[in-house]
Amino acid sequence: MVDMDRISISLPTKLLGEFDEVISERGYASRSEAIRDAIRDYIIKHKWIHSLEGERAGTITIIYDHHASELMKKLTEIQHKNGDLIVAALHMHLDNDHCMEVVLVKGEAKRIRELTDKLTSQKGVKQVKLTVMMPGGNIPE
Ligand code: NI
């Protein structure tokens with residue numbers, strides 16, 4: 001039997017409600033098991049991102065709450081600081097509450113990762129998806 005630790009976390013009621021709906025649809029017997037799987041996925045994703053190296057091109061897609069105070073300013077500031085990495089950015093007003101941005105990046109994988117982490121960790125950012133392509137010369141024939 002693996003060692004277990006017990007933790008207590010606070011979640012917004014709506015978020016927990018949606019989580020419960022998903023785990024019920026997926027047939028989980030307990031919330032704990034679903035949370036363990038979610039944490040495993042989170043770790044795997046992090047490790048995958050951190051295993052990338054070399055020159056890469058890709059997109060970072062962000063959905064964020066456009067009412068979050070100072071967030072838009074902060075996201076723009078982060079992008080300006082990484083101007084040499086960012087080729088272009090596309091902004092879409094998704095709905096009344098959310099904006100979506102697609103940031104086109106090209107450069108060292110480590111820096112793309114750092115930029116993605118920085119954007120992800122801002123309060124009010126709801127979703128971030130990083131897509132990384134292999135530059136032409138590295139595609140296996
Ligand atoms: Ni917008």
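Modeller: Helix H2 gives the most to the lining of the largest pocket, with 9 residues. The model discussed here is predicted.

Biologist: What volume does the largest pocket have, and which residues are closest to its centre?

Modeller: The volume of the largest pocket is about 1300 Å³. The lining has 31 residues, and Leu15, Ala38, Tyr42, Lys45 and Lys126 are the closest to the centre. Two or more lining residues come from each of helix H1 (13-25), helix H2 (31-51), helix H4 (109-120) and strand E4 (125-133).

Biologist: How do you know which domains contribute to the lining of the largest pocket?

Modeller: The chain is divided into domain 1 (13-49) and domain 2 (54-133). At least three lining residues are drawn from each of these domains. The C-alpha centres of domain 1 and domain 2 lie 24 Å apart.

Biologist: What makes up the lining of the largest pocket by class?

Modeller: There are 17 nonpolar, 6 polar and 8 charged residues in that lining.

Biologist: Which residues line the second largest pocket?

Modeller: The lining consists of Met4, Asp5, Arg6, Ile7, Ser8, Ile9, Ser32, Ile35, Arg36 and Ile39. By class, this gives 5 nonpolar, 2 polar and 3 charged residues. Arg6 is among the lining residues, and arginine counts as charged. The space in this second pocket is about 360 Å³.

Biologist: Why is cysteine 99 called buried, and why is histidine 91 called partly exposed?

Modeller: Buried means under 20% relative accessible area. Cysteine 99 has 2% relative accessibility and therefore counts as buried. Histidine 91 has a relative accessible area of 32%. Exposed means over 50%, with partly exposed in between, so histidine 91 is partly exposed.

Biologist: How do you know that strands E1 and E3 pair?

Modeller: Pairing requires at least two bridges. Strand E1 (residues 55-65) and strand E3 (residues 98-108) have 11 bridges in the antiparallel sense, so they pair. Alanine 57 stands opposite lysine 106 in E3.

Biologist: What joins strand E2 to E3?

Modeller: Strand E2 (residues 86-93) runs antiparallel to E3, and 7 bridges join them. Alanine 89 stands opposite valine 103 in E3. A hairpin through 4 residues also joins E2 to E3.

Definitions and conventions:
Residues are numbered from 1 along each chain as its sequence is written. This is a predicted model: local features need pLDDT of at least 70, side-chain atom pairs count only at pLDDT 80 or more; totals for chains, interfaces and linings use all residues. Side-chain values use heavy atoms; hydrogens and water are left out. Buried means under 20% relative accessible area, exposed over 50%, partly exposed in between (1.4 Å probe, protein chains only). On a 1 Å grid over the protein atoms alone, a cavity is a set of points where a 1.4 Å probe fits but cannot get out, and a pocket is an open set with protein on both sides within 12 Å along at least five of seven lines; lining residues have an atom within 4 Å of a point. Grid points are joined across faces, edges and corners, and a volume is the space filled by probe spheres set on the points. Domain bounds come from an automatic or database domain assignment.
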